Amino acid sequence: MLDIWQRPERIGIDFHTYFAAATVGLQQGWPHIYDQALVAAVQERLVSRELSQPFLSPPTVAWLVVPLTFFSYWVAYAVWALFTFASLAVALAWSGVSAGMSRWIAVVAALSPWWGAVHAVSLGQVVPLVAAGVVVGWRLLRDDRDIAAGIALSVIFLKPNTAIIVPFALVVAGRYRAFASWLAMGGVLALIAILLMGVQGISAYVNELRAPLPIGADALTLHGAWDVTGVVALALRILIVGAVLATAFKLRGSPGMVVPLAVVGSLLISPYLHASDLCMLAAAAWIVWEERPDTAWRVALPAGWVLASPYVWLATHSPGLNRWPTIELIFLAVLGLMAWRPLTSAADLRTRAPA
């Protein structure tokens, strides 16, 4: 609610684009959803005072919004916002393994950061659905339901840059069936895209991905945080991916810590991110909370959530967006060190033993 109150002009801006792309697909044909002139024209008709922006998401996002195009725009946005928030909330509540008050504190904390679920929902972003799928996939992996986990993780195809390392880390960790089912779902989606969009539509999407990034899309990236580009940025990304995969191999006895590790690595190597994508970081922290009942984690993680809360943001004490990659890197380093140190406690044994 604080996000809605603070920035009313931006409410639903991303959903506005999804809705416009879905409308273009239904009216003009799916090969045209990356014709930005058509998408901009529809956005202007829908809500003239809303900022128009190009549709750069995978076609799966436009397909997902199609049922809502039968409603008026603001009704559709309200349904979408409720759906995305409820999906993440239910996923967190269902997937938790802790008991009592600790479980519900973690659910509320994961949903409350300003740079996270609330901001993402107010923009109409798809990323809460990705976070929900990753959380559910994590729980299914703990229960050794790998095929179902791979299907749940297929929501990554809605916004691949936020969690793309996760399936590959699971391969290294020995969860081959989870990766195979994820890959099979990707193959099905790719086939549907080819049938609906043809070569013309696929080429248009690839060209959009090659275009310069939108203004402000690199604040949360290596470039925005440390001003690295070119060979240096590439080397850092390779180093991060290598570290994540090596640590995933170390944790192959249990997938519990592999998923949050790979999520944070994915955020760090992404060439573009927005503030709403920090919803994935909140989900990763929640998984660690559930995996590690140690007091140190139970103090550090809520402290991180507080830093991203609307109250701290409104008081101008919240870290700037370009500071979050440094926080992510520290988080990643701590997770890695925890995985590589020798087993020393019952908590370690629970984390690394099969669920």
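This is a predicted model: local features need pLDDT of at least 70, side-chain atom pairs count only at pLDDT 80 or more; totals for chains, interfaces and linings use all residues.

Biologist: Which ring does phenylalanine 19 pair with, and what kind of pair is that?
Modeller: Phenylalanine 19 pairs with tyrosine 73. The ring centres are 5.5 Å apart and the planes sit at 85°, so the pair is edge-to-face. The cut-off for that label is over 60 degrees. Phenylalanine 19 is in helix α2 and tyrosine 73 in helix α5, 54 residues apart, so this pair links distant parts of the chain.

Biologist: And tyrosine 73, buried or exposed?
Modeller: Tyrosine 73 is buried, at a relative accessible area of 7%.

Biologist: How many aromatic pairs are there?
Modeller: The count comes to 16 aromatic pairs. One of them is phenylalanine 15 with tyrosine 77, a tilted pair with 6.1 Å from centre to centre and 50° between the planes. Phenylalanine 15 belongs to helix α2 (residues 13–28) and tyrosine 77 to helix α5 (residues 73–95), so this pair ties together parts that are 62 residues apart in sequence.

Biologist: How accessible are those two? Start with phenylalanine 15, then tyrosine 77.
Modeller: Phenylalanine 15 has 0% relative accessibility and counts as buried. Tyrosine 77 comes out at 10%, which also counts as buried.

Biologist: Which residues do the ring pairs link into a cluster?
Modeller: The cluster consists of Phe15, Tyr18, Phe19, Tyr73, Trp74, Tyr77, Trp80 and Phe83.

Biologist: Switching to charges. Which ring does the charged end of arginine 139 sit over?
Modeller: That would be the ring of tryptophan 94, with the charged end 5.8 Å from the ring centre. Arginine 252 does something of the kind with phenylalanine 249: its charged end sits over that ring, 4.0 Å from the centre.

Biologist: OK, zooming out. How many helices and strands does the chain have?
Modeller: The chain has 19 helices and zero strands. There are 355 residues, and buried ones make up 52% of them. Take the contacts between residues at least 6 apart in sequence: 76% of those join residues at least 24 apart.

Biologist: How do α5 and α6 pack?
Modeller: Helix α6 covers residues 101–111, and its axis is 9 Å from that of α5, at an angle of about 150°. The cut-off for roughly antiparallel is over 145 degrees, so α5 and α6 are roughly antiparallel to each other. Their crossing is right-handed.

Biologist: Which residues make the contact?
Modeller: From α5 you get Phe85, Leu88, Ala89, Leu92, Ala93 and Trp94. On the α6 side the contact uses Arg103, Trp104, Val107, Ala110 and Leu111.

Biologist: And what about α6 with α15?
Modeller: Helix α15 spans residues 279–291, and its axis comes within 9 Å of that of α6, crossing at roughly 170°. That makes α6 roughly antiparallel to α15. Ser102, Arg103, Ala106, Val107 and Ala110 in α6 meet Ala282, Trp286, Trp289 and Glu290 in α15.

Biologist: Where are they? First aspartate 144, then aspartate 227.
Modeller: Aspartate 144 is in the loop between α8 (127–142) and α9 (146–153), and it is partly exposed at 36% relative accessible area. Aspartate 227 is in the loop between α12 (222–226) and α13. With a relative accessible area of 58%, aspartate 227 is exposed.

Biologist: Last one: where is valine 241, and what is it in contact with?
Modeller: Valine 241 is in helix α13 (residues 230–250). Leaving aside neighbours within four places in sequence, valine 241 is in contact with Ile165 and Ile269. Valine 241 is partly exposed, with a relative accessible area of 25%. From C-alpha to C-alpha, valine 241 and alanine 262 are 8.5 Å apart in space, and they are 21 residues apart in sequence.

Technical notes
Residues are numbered from 1 along each chain as its sequence is written. Side-chain values use heavy atoms; hydrogens and water are left out. Rings of Phe, Tyr and Trp (its six-membered ring) pair if their centres lie within 6.5 Å; planes under 30 degrees apart count as stacked, over 60 as edge-to-face and the rest as tilted. Helices (H or I, at least four residues) and strands (E, at least two) are DSSP runs, numbered from the N terminus. Buried means under 20% relative accessible area, exposed over 50%, partly exposed in between (1.4 Å probe, protein chains only). A charge sits over a ring if NZ of Lys or CZ of Arg is within 6 Å of the ring centre and within 35 degrees of the ring normal. Contact means heavy atoms within 4.5 Å. Axes are lines fitted to C-alpha atoms, for helices over the stretch in contact, and angles run from 0 to 180 degrees between N-to-C directions. Angles under 35 degrees count as roughly parallel, over 145 as roughly antiparallel, 65 to 115 as roughly perpendicular and the rest as oblique. A crossing is left-handed if the near helix is turned anticlockwise from the far one by less than a right angle, and right-handed if clockwise.
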